[in-house]
Amino acid sequence: MDGVLNVRSLVLAGVATGAAVLGYLAGRRAGRSELLPDCFKSNVSGKGSPLVQYALNHSLQEHPCLEKLRQMTSKLPGHEMLAAPEECQLLANIARALGARKAIEIGVFTGYNCLAMALALPQDGKLIACDVEDTNVNLGRPFWKEAGVDHKIDVRIQPADKTLDDLIDAGEAGTYDFVFIDADKSSYDTYYEKSLILLRPGGLIAVDNVLWSGKVLQAENTWDADTAAITRLNKKIHKDPRVNISMLTVADGVTLAFKC
C-alpha cells in the first residue's frame with residue numbers, strides 16, 4: 001500500500017506542476033487565439049518560463065553524470081530530442097516507488113533517460129535499451145560507465161518491434177515493470193501493444209510527446225502522419241480498459257498507463 005501511495009503522490013505532483021505551468025502560460029496569453037507554446041520542456045521552450053525554472057531550482061536532483069551527459073548532448077545536432085531532466089527524474093522516482101527491476105526504453109538517443117533509469121534500478125536490475133543506430137548511443141556509454149551502471153543496460157541495435165518480439169519469444173511476457181516509449185511516432189501503437197504483453201500487472205508504460213508541441217489541438221486536416229499516430233493512440237489509451245492512466249502536461253506531455 002505504501003508503494004501505491006508513493007506512486008500516486010508522484011503522479012499528483014506531476015499533475016500539479018503541469019497545471020501550474022499551463023495556468024501561467026494561458027494567463028499570459030489571455031484573449032489571444034494562438035496555441036500555447038509548443039511544450040514545457042525546460043531544455044527547449046520552457047527555458048523562457050520563470051515558473052519552469054523555479055520548479056527546476058527547487059526539485060531537480062541531477063546525478064553529476066546525468067548533468068555532464070545532458071550538457072554534452074545539448075551541443076549536438078538534434079539536441080531537442082533529449083528528454084527533459086524533470087521528466088526523467090519523475091519517471092525514475094516512479095520506477096523506484098514501483099520497486100522496478102526490469103525496464104525497457106524504446107528510443108535511446110544519447111542515453112540520458114537510460115542513465116536516469118539505470119540509476120533507479122537495483123544493482124541486479126536490467127534495462128533493455130532499443131534503438132536503430134548506435135552513433136549517439138555510443139556517445140552516452142562513457143557516462144553510463146562513469147556512473148557505474150553500464151552493466152545494467154543491454155543495448156539492442158535493431159528495430160524496436162523486433163526486440164520486443166524477441167523478448168516475448170524468450171518467455172518474458174508479464175515480467176517487466178516499466179517501459180518508456182520515445183521513438184518513431186508512427187510505431188507508437190505497435191510499441192504500446194507489445195509493451196503491454198511484456199508488462200506485469202501494476203507495471204507502467206510511459207508514453208512521451210503525447211501533446212506533440214501542441215499539434216494535437218490543430219484541425220485534423222492539417223495533421224502529418226506523426227500527429228495522426230499520436231492523436232489516435234491518445235484516444236485509444238483513454239478508452240483502454242486494460243490500463244489506468246494519467247496524461248501529464250510535464251515537458252511535451254507524457255501519459256502514464258498502469259497495467260490493470
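1. Let me start with aspartate 131, which counts as buried because its relative accessibility is 14% (buried means under 20% relative accessible area, exposed over 50%, partly exposed in between, with a 1.4 Å probe and protein chains only). Aspartate 131 sits in strand E2, residues 126–131. Helices (H or I, at least four residues) and strands (E, at least two) are DSSP runs, numbered from the N terminus.

2. A word on provenance before going on: this is a predicted model, in which local features need pLDDT of at least 70 and side-chain atom pairs count only at pLDDT 80 or more, while totals for chains, interfaces and linings use all residues. Residues are numbered from 1 along each chain as its sequence is written, and side-chain values use heavy atoms, with hydrogens and water left out.

3. What does aspartate 131 touch, leaving aside residues up to four places away in sequence? Its partners are Gly107, Val108, Phe109, Val137, Arg156, Ile157 and Gln158, where contact means heavy atoms within 4.5 Å. Alanine 160 is also worth a look: it lies 29 residues along the chain from aspartate 131, with 6.5 Å between the two C-alpha atoms.

4. Of its 260 residues, 47% are buried. If you take contacts between residues at least 6 apart in sequence, 71% of them join residues at least 24 apart.

5. Axes here are lines fitted to C-alpha atoms, for helices over the stretch in contact, and angles run from 0 to 180 degrees between N-to-C directions. The crossing of H4 with H5 is right-handed, which is to say that the near helix is turned clockwise from the far one by less than a right angle, anticlockwise being left-handed.

6. Which residues bring H4 and H5 together? From H4 come Pro85, Cys88, Leu91, Ala92, Ala95 and Arg96, and from H5 come Tyr112, Asn113, Ala116, Met117, Leu119 and Ala120. By class, this contact has ten nonpolar residues, one polar and one charged. Ala, Val, Leu, Ile, Met, Phe, Trp, Tyr, Cys and Pro count as nonpolar, Asp, Glu, Lys and Arg as charged, and the others, Gly among them, as polar.

7. H5 (residues 112–120) also packs with H6 (residues 135–147): the axes come within 10 Å and cross at roughly 20°. That makes H5 and H6 roughly parallel, and their crossing is right-handed. Cys114, Leu115 and Leu119 of H5 make the contact with Phe143, Trp144 and Ala147 of H6. These residues divide into six nonpolar, no polar and no charged.

8. On the cysteines, the disulfide count is zero, taking a disulfide as a pair of cysteine sulfur atoms within 2.5 Å. Cysteine 114 is in no disulfide, and the nearest cysteine sulfur, on cysteine 130, is 8.8 Å away. Is cysteine 114 buried or exposed? Cysteine 114 counts as buried because its relative accessibility is 0%, and cysteine 65, at 4%, is buried too.

9. Finally, alanine 55 belongs to helix H2, residues 50–57. Alanine 55 is partly exposed, as its relative accessible area is 25%. Glutamate 86 is 31 residues from alanine 55 in sequence, and their C-alpha atoms are 8.8 Å apart in space.

Conventions
Angles under 35 degrees count as roughly parallel, over 145 as roughly antiparallel, 65 to 115 as roughly perpendicular and the rest as oblique.
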